Amino acid sequence: MTTAELPFPGLQGVPTSEDKLTGKDFTSDQEVRWCPGCGDYAVLKAVQSFLPDLGLRRENIVFVSGIGCSSRFPYYLDTYGMHSIHGRAPAIASGIATQREDLSVWVVTGDGDALSIGGNHLIHAMRRNVNMKILLFNNRIYGLTKGQYSPTSEPGKVTKSTPSGSVDHPFNPVSLALGAEATFVARTIDSDRKHLTSVLSAAAAHRGTALVEIYQNCPIFNDGAFDAIKNPDTKADAIIPLVQGEPIRFGVEGSKGLVRARTGGVEVVSTADVADSELLVHDAHLDDPTTAFALSRLTDAGVLHQSPIGIFRQVERATYDDQARSQIATASVGQDDPHAALSSLISGGDTWTVV
Amino acid sequence: MAKQVKQLDRVIIRFAGDSGDGMQLTGDRFTQESAAFGNDLQTLPNFPAEIRAPQGTLPGVSSFQVHFADHDILTPGDSPDVLVAMNPAALKANLGDMKPGTTIIVDSHDFTGRNLTKAGYAENPLEDDSLVDYAVNVLDLTGMTVEAVKEFGLSRKDASRAKNMYALGLLSWMYGRPTETTVAFLEKRFAKVPAIRDANVTAFKSGYFFGETTEAFAVQYEIKPAPMQAGTYRNITGNLALAYGVVAGGVASGLPVFLGTYPITPASDVLHELSKHKRFGVTTFQAEDEIAGIGAALGASFAGSLGVTSTSGPGVALKSETIGLAVMTELPLVVIDVQRGGPSTGLPTKTEQADLLQAMFGRNGESPVPIVAPQSPGDCFDAAVEAVRIAVTYRTPVMLLSDGMLANGSEPWRIPEVGDLPVIDPAFATEPNHETTAKDGSTEADFWPYLRDEETLARPWAIPGTAGLEHRIGGLEKGDGHGNIAYDPGNHDYMVRIRQAKVDRIAASLPPLEVDDPSGRAKVLVLGWGSTYGPIGAACRRVRKAGHDVAQVHLRHLNPFPQDLGEILKGYDKVLVPEMNLGQLSMLVRAKYLVDAVGYNQVRGLPLKAAELAEAITDLVETTSSSSVEPVETKEN
C-alpha cells in the first residue's frame, strides 16, 4: 500500500508500513539531554507518539536539524537524521526532498537557527514550496549559547548580550512565513499535546512546505515567556483559536471575537457588541493571504499577552520538488542505455576524425 | 590575380573589439573552422567583467586569441602574430602585446575624434608614425560591411553589427579556413530572423571574397593539419568538458547527479550545461546562495545521489562550513572551484590558481579534503570523473580546482570511449554490519555508520529508505564505529587521525607520476599543477630545443600527493614550481618533502608566457649545471 490511498497528499509516494508501529519504535537508544523542564521534551514525546499515526516505515522518515537546543531532536528519533550546521537545515532538506519522493522530510529548528543565521534558507524553502515540514521551536531566546536575545525576543529584553535592553525589533515568524508565500503556516504550543498533534497531522498531510511555529518554554533562560497563554487564569483571553470554518471567538465564555476592521485588518471586539454574523469566520484556504496576515499581526511583538493559535494558511500550490522530478521524468522517457546516451552526448557538435 | 601561398607552421591571431562587437563569437568560429581543418589549437578568451562596459573605452575591450598549428601545441601563445582591432580602444589595449614586424588589421571606421578620445588617443595612430614597426592594414571594415548587406534593408546600426563576420571572412581567406561550418552555424543561429541571417552570411562571404580579390593582401597562408592520434575529435572548452565529466561520473557510478549551485563567474556555464541534461537524471538546483547550493547538494548525497556544487573562490569561502560538515559526516560531494583572480571579488573574468591553499586548509579544525586539478580544457572531463571516483569511493568531499583559463579556453579533444570510464561503485550499505550484546548476553544485529572499510577506511553509505539501517549523523564529533555523539579526548584524537588517514589512503589508488625527462640527464625538475601545464610544457620544449636538459612533472592530485612524488623530487638538484599565485604548491612541497623548491610566480590574471618561463628555466638549468660540473668541462661547453 502506498500513501496515495491515505488522506495525506503530503505523503504521496512514501511507502507505508505493514506493521503497526508505536512511539517506542521511534525512540532511539540515545539519552535525552535537554534541561529539566524544557519544552522540547513535550514536543519530542508528541512527535514520537504522533509519527506512528502516519503509517509510514521508519526508514522513510528523515529529520534534519540545524544548531541549537532543539536541533538535537534527530538524535532521539529512531529514523534517518542529520544534525547539520547552524541555519542550513532547510537547504539540506531541500536536496533530500528533491531527490527522494519516497521520504517524509522534517526540519527541526529554533528561532535563532531559522530566523537569524538561517533566515535566507527558510524564506526560500517556503517560496519554493519544497515538500518538507518545518518545526520552528520558538522560545524567544538563545539557549545553547546561554541566554542572549534572539530575533523573536521582545524589544527592551535584558539579556547577557543586552544589559541595557535589546533595541532590536523582533520577527513575527507567522507574518514572515506568510510574506514568503508559504503554503502552510501554523502556530501551536508545546504544552498542548492535543493541539500540537492536530497541527502536526495537518502539516504532514500538506504537500509543500509547512511552517509550524511551536511556542516552547525555556525554563533556564526565558522562563515564563508564554505564561499568558499557559496560565489557566489568563489563557482564555490570550489564545485566539483559529478553527477552520468557525467564527473566531475567544475570552471567557467567548466574550471576545474578531471582526474585519475598517483599515482592512482585523480587530478584537466584545461579542456582546456585535451580531454573530459579523464575526470573522476563519478560512485558512483563502489563496489571498491578506486575512491570514492580519491575523498574524494580533500577536504581541513585545511581552506576549495574546496570540492566535492554529492554522493560519493552508493552500495548494505546485511544489518545487514535484516539478523538478517531473522535468527529469519527462526528459528520461524512452531514453536508451545511459552509456550509449553519454557517448552520443560527448560526440555532439562539430567533430572530425583522424585516422 | 594569382596570389602567393606561403607555408607557416603556426599562427597566433587575436580578435579584439568592443565587448558588444561579437569578438568571442568571431574567435570561436575561427577556432571551429581551424579545428575542422585539422590544426591543433589552443584558445584564450579575454573579456571584461562588465556586461556592456562603456562603448569604445579601454575597459570595454574584449578579445579572443587563437593559436593554431601544424603540430601539437600546448598554449594559446604568448604574443599574437596578427591583431584584428575593431576600434581605437582595441588597438590601444592590445598593441603592447604585439612584437615589431607583426601584422595589424584595423577597422578604420571608428577612428574618429570622439572615439579616439575615448580610447585615450590624442592623435590618430593610423595617421602618425606610431605603427611604423608593424605591417598595418587599414580597412573600413564597417563601411564595407554596410555596403555589402544593404540589400537586406537593415538599419545602418544593424547592418554594421555584421562587421565581425566580415572580419572573420577576411581572416578565413587569409589562412585558408573552410567556410562551410560557419555558414551553417549562422544559418542555424539566425534562422528566425532571415534578414539578420542573410546579412551575416553575406558579410562573412564578402569578407572572404574581399581577401581573395583585393591587392591589399598579396599572400595567403597555409598551415597544414597537425598529425594527431587517431580518433574522433571535437573542440571543447573546459567548462563544457567539466560538465560532461560530471554527467559521466553519474553514469559511471549509476547515481543520479544533483548540482546545487549559485551563479558565479567563471563557473556559471557548468550550471547552464548541466541543466540541459535532465535525461541523465541530472537535477540542477539554483539555490538562494552559495551556502544553500552546497547544503542541498550534501542533503542529496545523504539521500543517495551524487551531490555536486560549482563555484569560484568567493563561493568556496561561503561553502567552507558545509565542506567541513561533509568531512565530518563522510559523505561524497564534489566541490568545483573554477578559480579566478582574488582575493575578494578580485578579477572575476581573469584566471589565477590562488585557491589551492584555500582548498587545502580553508576550514576550521583538522579537515582534510582531497584535491584534484585538470591540466587542460579537455582534461577537465577526466579530472571530473576522477573527483567523482574519489568522492564516492572514499565518502569524502573532493575539491576540483579548474580555473578561468581552462573554463573558457578550448582545444581539440579526442572524444573518449565511454566503455573506458572507471567503474565507480557506490556500494550502498544494505544490511546490519555489527552485533550488539545486551546485558543478558543476547545479541542483536545493528548498523554502525562509522565502521570502516579496512582498505579504503571509508565508512558505509546507508541511504534513507534502507530498513534497519536508520542512523543519525551530523557535525558533532562521532564515536568511532557506532557514530553516536562522543566528547571523550581519546576518541577525538583517534577520529581526527583516521579522517586524515583516510584521505592519505587515496594515494594508494593513484597511478605512478609521469616524469617527462627525455634525456634522463636533467638536474632541474619543473613541477606544476592545473592550467600551467601548457606554458610549462611549451617552455620545457624551448629549453630542450636550445640544448638543455630539463624534466617536467605535472600533478593532477594535490591532496594527497602521489606516493612517488617524494622520491622523484629527491632525484633532481633543483625543483622549479611555476604557478599563477605567490607560491602555494611550493609551500606544500617544501613543507612535506623538505625540498628547496624555487618558485616562478605571476598573478597577472593571464596564463604564464612560455617564452618568459623558458628563460627562467634556462637560468636555473645553467646555474645548476655550473655548480655540478667540473670547471674544465664547463669551458669545453
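User: If a residue is buried when 20 or more other C-beta atoms lie within 10 Å of its own, what percentage of the 355 residues of chain A count as buried?
Analyst: This is a predicted model, and the burial cut-off of 20 or more other C-beta atoms within 10 Å is applied to it residue by residue. Of the 355 residues of chain A, the share that count as buried is 50%.

User: How many helices and strands are there in chain A, and what is its radius of gyration?
Analyst: Chain A has eleven helices and twelve strands. For 355 residues the globule rule gives 20 Å, and the value for chain A is close to that, so the chain is as compact as a globular protein of that length. The radius of gyration of chain A is 23 Å.

User: What share of the contacts in chain A with a separation of 6 or more comes from residues 24 or more positions apart?
Analyst: Two residues are in contact here if their C-beta atoms lie within 7 Å. Among the contacts in chain A with a separation of 6 or more, residues 24 or more positions apart account for 66%.

User: Which element gives the largest share of the side of domain 2 of chain B that touches domain 4 of chain B?
Analyst: In the domain assignment of chain B, domain 2 covers 233-420 and domain 4 covers 524-627, and 23 residues of domain 2 of chain B are in contact with 19 residues of domain 4 of chain B. The elements of chain B that give two or more residues to this side of domain 2 are β14 (371-372), β15 (397-403), α15 (404-408) and α13 (356-361). The largest share, three residues, comes from α13(B).

Methods
Residues numbered from 1 in each chain as written. Chains lettered and ligands numbered in written order. Predicted model: local features only at pLDDT ≥ 70, side-chain atom pairs only at ≥ 80, totals over all residues. Domains from an automatic or database assignment. Helix = DSSP H or I, 4+ residues; strand = E, 2+ residues; numbered from the N terminus. Rg over C-alpha atoms; globule rule 2.2 N^0.38 Å. Buried ≥ 20, exposed ≤ 12 C-beta atoms within 10 Å, placed from the backbone.
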